[in-house]
Amino acid sequence: MNEGRLKSLLLVIGGIVTFLVPLTPFFYMVLTGLSEHHDFLSADKSFVFTLSHFHAVLASESSHFMAFVRNTLIVSAASAVISVCIASMAAYAVTRLSFRGKMAFMLVILALSMFPPISLVGYLFKLMSGLGWINTYQALVFPYVAWTLPLSLWILVSYFSNIPRDLDRAGLVDGCSRLQILIKVIFPVAAPGIFSTALLSFIFAFNEFMFALMLTTDYSARTIPVGIALFEGLHGQIPWGEIMAAATMTTIPVVILALIFQRRIIQGLTRGAVKG
Amino acid sequence: MKIVCRHLRKRFLTMRGVVEAVKDLSLEVEKGEFFVFLGPSGCGKSTLLNLTAGLEKPTDGEILFNDRIVAAPKKKIFIPPRERNVAMVFQSYALYPHLNVFENIAFPLRVSKEKDREINKSVQEVSTMLGIRDLMERKPGELSGGQRQRVSIARAIVRRPDVFLLDEPLSNLDAQLRMSTRGELKRLQRELEVTTLYVTHDQTEAMTLGDRVAVLKDGFLVQVGTPAELYEKPKSSFVATFIGSPPMNLILAQVKQEEERVILSFDDVSVVLPPEQTEKIRGMAKEDVLMGIRPEHVTLLEQERESTYSGRLSSIEPLGRETLLRIRTGQKEVVALSSHKHYHLNETVRFFFEPGRIHLFDY
């Protein structure tokens, strides 16, 4: 075998492995959701196709799956929007205005994001109980915004600092206020960065488990990850089929979002802003 | 709009400490004048433009538009750029990449909330003036450098600014386009009769465009005058070498007084100063002076005559119409321009300095 063929063979094998390792659990999830028995891999069982688990999750009143989906979408979207709004204004200030302690500010923000969430959750529970917010959307949105803000800020600062200052100066001379520049010039130019930041915040809130577990009590605010984990069978057994069916459906919105925004993320919108 | 700067200062706090970009600068720009700031990079010329636009606040001093104070830190007055009715063209063009050409030009009008019909009319008008009518639907990314330049000029003039500011607008264009755009800018400025401040490091641009030129160095105003004044009567060796191409010869010479005559000498060359310049040198009262002579005033001779000097040609650079000659004489080198072409390297030539064309500067 010559070197070229060996190289391409290794490349193909490497590609397949890289592809399979992250996707195997996903396939297993989908198959379990579609199989009548969750232990279809064992010797005495065989794979029997059924949609009954999906049907059970969607149709049964007691599973509250659609309520979880709605809660999750509302909480994630609200967190992402609020986080990006605050972060983009802060990022504009950090990259464009001169004030004392700019670097210290950024480093403190970074340090704050290093706190392990487990160290905060006890206090958060006490706080939200005190406010009477347990089992409400805001009990989740506020911590999620706080939690995603440092990341959003750092991403947007690096994004905004790549936008030429001359655009701001042109905007100022053309009669804009700073806020108008942010809305009319920086937002559209930084759209790919803003969308990807919002997407990251959204996915974080969508996947978050611990805060949601501690701060919600039932389907009126509970999100999908917690909802699915707490699925219970009729006689207390773990209903693997329903869990996997629900998990499969949960991936759909995230995949759709990623596909929609992918195009915006890739778009080189800054092209032609300045020479070069 | 007349622009007045009085004792203007601008300090920046940077990582390396305080940098003073503009130092006690006073000048007046007349209404409708094409005024050029010329200087090497870091001389404070762009800062001066930003101060006029209101993009920077001065540390001290005053800026007036006609009789209206637009910036005076002592009196706590600062008018933001949007209330100054200035327009600016940037070296990078700074077009809004997400808007097409029409919307780019219309942007200042949209911000000031003009009616759609008015906007359409104004944009059509300036785009016709600049010959970019068929580019209206394109995005800046789809334009060439010259086209972007036109769009940025159109955006600047569309709302009839009182002051037109240009920050090295031609630097990113290729040589041929630069020359044609230069002529066009001058014509446009004449037509609009708008007070124009133009920043450049290119002395050719400054000389061809400016009604008057201010030469800046290290934040100081070195000299202000018409291009002809700067060329013929430079006040310092800096202005003398910065303006004119190829630059003026500067030669360190010793002053010798002989009764009525004053003689400048370097190596084995002696130059008898014409009577009208002897007064000037007495005022300087120094032994060493810098003698300046422009290459076009160094004349090469066919045969020997009185007060000529000889040297060896160390380099010959044909420029087309003229030839640039470097003549080595002793330790010094003198650059001369000649319309003849029949020179050979290392040839010995005779030359003299046109009397009355010699400049004297402090050493």
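Student: Which strands form a hairpin with E12(B), and how many residues lie between them?

Tutor: This is a predicted model. E12(B) forms a hairpin with E13(B), with 2 residues between them. In the turn, B:Glu259 has a positive phi of about 45°.

Student: How many bridges join strand E12 to strand E13 of chain B?

Tutor: Look for bridges when you read a strand pair. Here 5 bridges join E12 (residues 249–258) to E13 (residues 261–266), and the strands run antiparallel. B:Val255 stands opposite B:Leu264 in E13(B).

Student: Where does E13(B) go next?

Tutor: E13(B) forms a hairpin with E14(B), with 2 residues between them. B:Asp267 in that turn has a positive phi of about 45°. The two strands run antiparallel, joined by 4 bridges, and E14 covers residues 269–272. B:Phe266 has B:Val269 in E14(B) as its bridge partner.

Student: What is the order of the strands in the open sheet of chain B?

Tutor: Read a sheet strand by strand. The order is E7-E8-E9-E3-E10-E11, 6 strands with mixed pairing. Strand E7 (86–89) and strand E11 (220–225) are the edges, each pairing on one side only. From one strand to the next, the twist averages 20°.

Student: Do E7(B) and E8(B) run parallel or antiparallel?

Tutor: They run parallel, with 4 bridges joining E7(B) to E8 (residues 163–167). B:Met88 stands opposite B:Leu165 in E8(B).

Student: Which domains does the assignment give for chain A?

Tutor: Domain 1 spans 1–50 and domain 2 spans 64–266. Their centres are 33 Å apart, taken over C-alpha atoms. In chain A, 5 residues of domain 1 are in contact with 6 residues of domain 2. The touching side of domain 1 has 2 nonpolar, 3 polar and no charged residues.

Definitions and conventions. Residues numbered from 1 in each chain as written. Chains lettered and ligands numbered in written order. Predicted model: local features only at pLDDT ≥ 70, side-chain atom pairs only at ≥ 80, totals over all residues. Domains from an automatic or database assignment. Contact = placed C-beta atoms within 7 Å. Nonpolar A, V, L, I, M, F, W, Y, C, P; charged D, E, K, R; others polar. Pairing = 2+ DSSP bridges. Axes fitted to C-alpha atoms, helices over the stretch in contact; angles between N-to-C directions.
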